[in-house]
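Please have the structure open while reading.

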Amino acid sequence: MNFPSHNTFSSQAKYPNPKLPNSQTRLERRFTLRSTLFFCSIFAITLIATVLMADFLDRSGWTTVKGFLLAAFIPLFGYATYGFAHAWFGFWTLRRKTRDPGLLVNGLPKSNVSLADTKTAIIMPIYHEDVQDVFQRIRANYLSLQETGELERFDFFVLSDSQNPDIWAREELAWTQLCQELGAFGRIFYRRRADNTGKKAGNVAEFCRSWGKRYDHMIVLDADSLLSGKTAVKMAQQMIANPRVGLIQTVPRLCNAETVFGRVQQFTMRFYGKVFLAGLNYWQQHNGNYWGHNAIIRMEPFMKYCDLPQLPGRKPFGGHILSHDFVEAALLRRAGWEVWLAPCLGESYEEGPPTLSESAARDRRWCGGNLQHTMLLFADRLKPASRVHLAGGIMGYLTAPLWLAFLLLSTVIAHQESTEIPAEEEPSSLPGLATLSFETQGLFVLGLTLVMLFLPKFLALADLCFDRDRARSFGGARRTSAAVLLESLFSALLAPILMLLHTRFVIEILTGLSTSWNPQKRSSEGIRWADAFHQHKWHSLIGISWALTAWVIDPVFFLWLLPVLLGMLVSIPLAYLTSRRDFGLQLKKWRLFLIPEEYKRPPILKLAAQKSPEHVPSQELPILEQMGLWDLILDPYLSALHVGQLSTGPTPEAQSRPQFDPVQQQRCQDLLQEGPERLTAEELNQLMACEDALRWLHVEVWRRPNSQLAAFWQERLEDYHHTTGEPSA
Amino acid sequence: MEPLIHLFPHLRDTELERWNHAYVRVETYFASLRIRNREFLRHTVQRSLQNAMSRTAREPGVEPVVASMQEAERLVDQWIGTIMGTSQTHDTERHSAKGRLAMLLSNVPTEQQQQFLEQERAPAEVLPGSSDWYQPANSKREAIIMSPQPLNLGLMGALAEVLERPRPSLLLLTFLGVLVYLLLT
């Protein structure tokens, strides 16, 4: 460990050693008991299904292909059972009359824990996000926290990794406007990294290295996160009341969706989430996971144990860890710190991708990160529960090629059986099932699979019957049932498309095509038919070819396969229609796919939707969306603002900034004489990071006669004359 | 734009064109400083241009636009110096940028239009050193060194060193081979 002794943390004296012997006992015993029961149930159900399936396949004569089919069936069924078990145990836990002692929130003392002498940083790493939206959310989080009266215990940090100079300029302006409006200079900070090494994890690590020592905890937010002040305070209180806890993850609820896709996803997460999360918490206890945002982290152990190693080997498995959150939770657990999931801490929100195509883009990114976790599965001294979380993430994507293989093998078997003289099926070799017909046994296996897949939905619906208020907040029991029915249909159609997409991602990643980290588009506008066609033409084509093949093999087999093929066949209209905002809003009008936040809007969402007051100085500055790099050079105030940002603080960023050397001077000349097209984005970024160059450019662009300026600057000055040079009397 | 011919009747056509260009540039510059009062703007531009013209008379080689912009900047910098209670240092550009930042943060462009560039009516609200509390990234850092804990990856660590990444073509061939084999058996 490379942790200098002079850098001891102020918090160390306040918190006991997490490895006190009495900290284990009851909690560990409860975890062992519950997880054993949980995983034994999964194992038992999977074993029964496997035996039934093997016997079913064997009854019509065993072949190699059937062996492969069974090999694909076992993990697929096991994974479905893993989901089912969460819902089942969750439903059962929620029905218990007594409070679950295994919930962190129940450990919090009844009287409020004082936050005095503690300091929490609320950090929001951003990368090429919609600037206005980001700062609007910071504003809402800030105002909500202000209402609690505990604002002075928190500082906000916007940690930018944006590389586009135009976006950088907008972020700076938005930060200044926000601080002016709220009087929050010295409370909301903005820092941009010139070099985004390690991406989000590197961004957070740089924050920890620079300011981590000044804070006891940090609350990590995503660019689209909203967290009420009350929840933020409760999170900090929980950390103080539970000194062995290293991380508390809230459940960020999806909100503000307007498209059909977004609204269905939002409803799904919100409605089914309750039983699933209760089940997850039932077995995992203090062995929780970290989902990357809307969580509070204790600084000391995080900085000590969670600096991520570079993985050996080549991409896609080697190099920087792409998906850091699961690993950080595993490392905290490995060091003996508790990690809890706290669904009870409400008013924690995020936004989901509005369309299938954007959801797929996010999956592509997550898929790379999750598959990379294979490297850590057998890492030394990881807790078994952490391995389960890692494996669960990997299986989330590996099930796609497995399912595809299962369906392909089924087609091969159907083809083989259609070309052979049908043999008489043997009676079942299982005790007690000898009289069971071949078809009945097949239907039984299918039925068992469907139970694993669909019973959780009915359990969530059944849970709703016990809570009238909750039912009302989802639009009433009848509308919720209709929504569940429609959602089941939608997810049945969506699943085969995701299967093809995820299979493609897995193959691309395994064969070394780079896993990019693109910013997620958050717009709710629909996609065009042409885009839907472009993105899903292969899925439709595969569906048509497969349907024809199945029909030729055996029309009965075609009918069996139709539910799966249907999704592929309708992939283009499905992607188009579900991306529509107007249809989504119509559903909302019909009170379908309603979530409680739409029934009764929480204050934090109201704050986020609230526009900044009109009198703020921003009206005298360029409009944020239209603002660009040239404004930082031309505008006397924005130029000063940017230079001010570059010249503050002895940060490592400041020390590594480019000097105004002859190379930079030449670039400045080129920029003025030939325009920005003359320079690369990287060169422009370096200029923007050089304080002296910026000051020189501002003076020079105003002083030079037009003959010495590129047409670009002449036009900008002309525009400036029109936009700012029309004074009123 | 102010008809320059009335201001400077002695100018020849070619010179007039250059001074017109200088006028537009200085006017745009002051407008970019958010001076909205038309009368005040005209007065300020004329003041800068008159100073510039006196200077070009002494230094004939200087371009009117350069001289005019320098005079305009001097006017602003002098005012900033007065308001902030600082004398102009040799690093004029830095001083000027700091002053403009202070003006922005103190809402001078929007809320104190009438006081802008008026030496006699300098507003008390234009706080000297406003930019001292302008700390975007919080300069109160206490750097620490973080480094990863040793992590033995076990089996996967060893495999990562030896395993080759599968080629897409090889993967496709394997898939087709398996499919053909399964169909034939």
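In chain A, the buried residues of helix α9 are H324(A), D325(A), F326(A), V327(A), E328(A), A329(A), A330(A), L331(A), L332(A), R333(A) and R334(A). Buried means under 20% relative accessible area, exposed over 50%, and partly exposed in between (1.4 Å probe, protein chains only). Because 11 of the 11 residues of α9(A), residues 324-334, are buried, this helix is largely enclosed by the rest of the structure. Its buried residues pack against α1, α5, β6, α8, β9 and α11 of chain A, where contact means heavy atoms within 4.5 Å. Just after α9(A), G336(A) has a positive phi of about 95°.

The model is predicted: local features need pLDDT of at least 70, side-chain atom pairs count only at pLDDT 80 or more, and totals for chains, interfaces and linings use all residues. Residues are numbered from 1 along each chain as its sequence is written, chains are lettered from A and ligands numbered from 1 in the order in which they are written, and side-chain values use heavy atoms, with hydrogens and water left out.

K588(A), K600(A), R601(A) and K606(A) gather in one of positive charge. L443(A), L446(A), L450(A), L453(A), V556(A) and W560(A) form a nonpolar one, with about 570 Å² of accessible area together. Patch residues have over 30% relative accessible area and no salt bridge; like charges are joined within 9 Å, nonpolar side chains (Val, Leu, Ile, Met, Phe, Trp, Tyr) within 5 Å. A salt bridge is a side-chain nitrogen of Lys or Arg within 4 Å of a carboxyl oxygen of Asp or Glu. α12(A) gives the most to the nonpolar patch, four residues.

| Residue | Relative accessibility | Class |
|---|---|---|
| K600(A) | 66% | exposed |
| V556(A) | 48% | partly exposed |

K600(A) sits in the loop between α19 and α20 of chain A, and V556(A) in helix α16 of chain A.

Notes: Accessible areas come from the Shrake-Rupley method with a 1.4 Å probe; for residues, only the protein chains shown count as cover. Lys and Arg count as positive and Asp and Glu as negative; His and the chain ends are not counted. The place of a charge is taken as NZ of Lys, CZ of Arg, CG of Asp or CD of Glu. Helices (H or I, at least four residues) and strands (E, at least two) are DSSP runs, numbered from the N terminus.
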